[in-house]
Amino acid sequence: KENIDLSSKNLGPADLTLVAAWLQRPEVSAVVARLTLDGCEITGTKIKYKGTPMEEIEQLDADLGGLTSLCSALKTSKIESLSLQKCYLGPEALALLADAIKFMAVLTSINCLANNFGDDGLATLLTAIEGTSVRSLCGLTEGQTVADFSKQNLKPIDRKIIAAEFGFQGFIAAVARLTLSGNAITNHGKDLTGLQAPVSYT
């Protein structure tokens, strides 16, 4: 089984189309078990002042061509773990991904933290994984007891994703220590929903 890590390779929608075509080759799809695309702007989201405290999203999901191709390839893949953290996924991108997940028979773990799809997108994702083999939305693995999400620029929606995984008793249920320091997960104390999960926060 192969782990393909393309994180922070500055891949865009056009590059993703090439990745999708590569994944559809029988000799590739048979061996790739993990695909990581963290930090790649794969949906063409337009960002102003990227990487600064003033970062601003001007347009989410501006180019979904590459992701559409990837999701088509994922449906017939043997991928067990898919990581899309901080890929600037918006609601439309999430809908494409949710549709693909329904067909991914051996997928157990997705990492969709630090994206921009909001509460409605999370609801779509939770509906999509019902009855599937998916056991994590935070990129966790079976039996993992410590999860360190510190300083990953997580926001209130990410806290809700983590809480949702507790809700369906995913892999996070085995986690005894969860670190979330250095993230704005409460919107400066204005949003505390989801913090009731039975875990030690630091």
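Biologist: Which residue's side chain meets that of Lys1 in a salt bridge?
Modeller: Keep in mind that this is a predicted model. The N to O distance in this salt bridge is 2.7 Å, well inside what the rule asks for, since the cut-off is 4 Å. The partner of Lys1 is Glu80.

Biologist: How many residues apart are Glu80 and Lys1?
Modeller: Glu80 sits in the loop between helix H3 (65–74) and strand S5 (81–83). Lys1 is in the segment before strand S1 (2–5). The pair therefore links distant parts of the chain, and the separation is 79 residues.

Biologist: Which residue pairs up with Asp99 in a salt bridge, and what does the pair tie together?
Modeller: The side chains come to 2.9 Å, N to O. Asp99 is in helix H4 (residues 91–101) and its partner is in the loop between H3 and S5, so parts that are 24 residues apart in sequence get tied together.

Biologist: Where do the buried residues of H1 lie, on one face or all around?
Modeller: The buried residues of helix H1 (residues 13–23) are Pro13, Leu16, Val19, Ala20 and Leu23. Seen down the axis, they fall within an arc of 105°. On the other side, Ala14 and Leu18 are exposed.

Biologist: What do the buried residues of H1 pack against?
Modeller: The residues to look at include Leu16 and Val19. Their set packs against two helices and a strand, namely helix H2 (26–29), H3 and strand S2 (32–36).

Biologist: How many charged residues line the largest pocket?
Modeller: This pocket holds about 290 Å³ of space. Its lining is made of 14 residues, and nearest the centre are Glu55, Lys86, Asn116, Asn153 and Lys155. By class, four are nonpolar and five polar, and the number of charged residues is five.

Terms used:
Residues are numbered from 1 along each chain as its sequence is written. This is a predicted model: local features need pLDDT of at least 70, side-chain atom pairs count only at pLDDT 80 or more; totals for chains, interfaces and linings use all residues. Side-chain values use heavy atoms; hydrogens and water are left out. Helices (H or I, at least four residues) and strands (E, at least two) are DSSP runs, numbered from the N terminus. On a 1 Å grid over the protein atoms alone, a cavity is a set of points where a 1.4 Å probe fits but cannot get out, and a pocket is an open set with protein on both sides within 12 Å along at least five of seven lines; lining residues have an atom within 4 Å of a point. Grid points are joined across faces, edges and corners, and a volume is the space filled by probe spheres set on the points. Ala, Val, Leu, Ile, Met, Phe, Trp, Tyr, Cys and Pro count as nonpolar, Asp, Glu, Lys and Arg as charged, and the others, Gly among them, as polar. Buried means under 20% relative accessible area, exposed over 50%, partly exposed in between (1.4 Å probe, protein chains only). The arc is that of the directions from the helix axis to the C-beta atoms. Contact means heavy atoms within 4.5 Å.
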